[in-house]
Amino acid sequence: MAVYTSLNDEQLSDFLKLYRIGKLISFTGITEGIENSNFRIKTTSGEFILTIFEKRVNKRDLPFFISAMIHLSKKDFFCPRPIGDTKDNYLQELLGKPAIIVNYLQGKSKTKITIEDCYKVGSKMASMHIKTEDYYFKRKNSLSINGWQNLIKECYVTIPNEVLNRIEPNILKKIQDAFDCCVKFWPLNLPKGFIHADMFPDNVFFHENKVSGVIDFYFSCTDILAYDLAIATNAWCFDNDNVFNQEKYQYLLDGYNTQRKLSANEIFYLPLLSKAASIRFLLTRLYDWVNTPKDANVLPKNPNEYINKLKYFRKVVEKINYEANSQL
């Protein structure tokens with residue numbers, strides 16, 4: 001979540017007339033995240049979240065995101081539930097940009113992650129994968145391995161060499177080498193389905209020490225199910241000093257296995273998928289670190305965290321004989 005678009009009381013009050021959710025009392029911008037403009041709204045009927053979609057989100061993808069949240073909400077999976085307007089439309093336009101309103105979820109994200117949290121997140125992710133087995137809409141993952149070469153090129157073009165070298169000497173060459181390895185051994189036959197693709201701690205709410213909601217479905221897509229777990233491995237299984245925590249990793253997998261049993265092949269490829277996930281987030285953070293507009297009310301995330309994570313997974317993957325498995 002973030003704030004790129006500025007709003008005033010009059011603009012928002014007029015917008016709320018399209019809905020049956022009461023009159024505006026107050027609103028505040030939410031600065032976490034990097035993609036869209038988000039506001040917490042309090043009305044005479046309750047609290048809601050307004051999202052204004054910015055340039056990176058393709059408007060054609062919005063029906064996929066909205067219908068996925070509706071699908072999961074109907075199956076009692078705690079996620080934002082889109083609110084229809086007076087004509088039962090979920091997607092509106094505000095200040096010339098697509099916008100939606102969803103219900104407000106109780107709870108807060110955690111900053112100190114325990115092994116029990118990892119277990120619960122793994123279980124919740126597997127539950128989501130199961131509950132979307134009959135979700136028939138498909139969306140290509142634009143930020144999966146097929147899109148990273150373009151991101152590498154964009155970083156070369158938009159970020160001066162002296163800036164890149166200050167972050168890490170020869171960083172794009174190192175990313176390119178890691179990318180080439182992932183392409184060479186990328187698994188083609190692992191189970192696929194709906195994935196969240198961004199289940200970071202700031203997108204998971206806890207209340208009374210239970211997962212009370214999963215938010216921000218605007219990277220969700222159709223991809224390898226275990227890749228969702230690989231993203232979570234990057235997000236949940238490192239300590240604050242970016243040291244990998246094997247116990248957190250095992251609890252994440254154990255929690256997942258309570259709902260959906262991972263195959264031996266999925267477990268075998270998890271280190272490679274985790275390496276790939278570290279490339280994905282390193283690339284987008286690297287790009288946003290330099291290219292986020294200075295006047296945006298947003299906190300771009302430092303790419304250094306994912307430089308360290310990529311180094312870790314690169315060493316792990318080097319010890320695994322993916323060459324032999326790829327020839328089976």
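Buried here means under 20% relative accessible area. The views below are taken from a predicted model.

View 1. An open sheet is formed by 5 strands in the order β1-β2-β3-β5-β4, with antiparallel pairing. Its edge strands are β1 (24-29) and β4 (92-94), each of which pairs on one side only. On average, neighbouring strands of this sheet are turned by 35° against each other, direction ignored. Helix α1 (residues 9-16) packs on the sheet and touches β1, β2 (37-43), β3 (46-52), β4 and β5. The direction of α1 makes about 120° with that of β1.

**View 2. Strand β2 between β1 and β3.** In the strand order of the sheet, β2 lies between β1 and β3. Strand β2 is mostly covered, with 5 of its 7 residues buried. On the β1 side, antiparallel pairing of β1 and β2 extends over 5 bridges, and T28 stands opposite R40 of β2. On the β3 side, β2 and β3 are paired in the antiparallel sense over 7 bridges. These two strands form a hairpin with 2 residues between them. The bridge partner of T43 is G46 in β3.

View 3. E93 stands opposite P98 of β5.

**View 4. Packing of helices α6 and α10.** The axes of helix α6 (residues 171-185) and helix α10 (residues 304-318) come within 12 Å and cross at roughly 40°. The crossing of the two helices is left-handed. From α6, the residues I171, K174, I175, A178 and C181 meet I307, L310, R314 and V317 of α10. Sorted by type, the residues of this contact between α6 and α10 are 7 nonpolar, no polar and 2 charged.

**View 5. Packing of helices α3 and α7.** Helix α3 (residues 115-131) and helix α7 (residues 225-236) pack at an angle of about 160°, and their axes are 11 Å apart. Angles over 145 degrees count as roughly antiparallel, and α3 and α7 are therefore roughly antiparallel to each other. The crossing in which α3 passes α7 is right-handed. On the α3 side the contact is made by D117, C118, V121, M125, M128 and H129, and on the α7 side by L225, D228, L229, A232 and W236. The residues of the contact of α3 with α7 comprise 8 nonpolar, 1 polar and 2 charged.

Technical notes: Residues are numbered from 1 along each chain as its sequence is written. This is a predicted model: local features need pLDDT of at least 70, side-chain atom pairs count only at pLDDT 80 or more; totals for chains, interfaces and linings use all residues. Side-chain values use heavy atoms; hydrogens and water are left out. Axes are lines fitted to C-alpha atoms, for helices over the stretch in contact, and angles run from 0 to 180 degrees between N-to-C directions. Helices (H or I, at least four residues) and strands (E, at least two) are DSSP runs, numbered from the N terminus. A crossing is left-handed if the near helix is turned anticlockwise from the far one by less than a right angle, and right-handed if clockwise. Contact means heavy atoms within 4.5 Å. Ala, Val, Leu, Ile, Met, Phe, Trp, Tyr, Cys and Pro count as nonpolar, Asp, Glu, Lys and Arg as charged, and the others, Gly among them, as polar. Two strands pair if DSSP finds at least two bridges between them. Angles under 35 degrees count as roughly parallel, over 145 as roughly antiparallel, 65 to 115 as roughly perpendicular and the rest as oblique. Buried means under 20% relative accessible area, exposed over 50%, partly exposed in between (1.4 Å probe, protein chains only).
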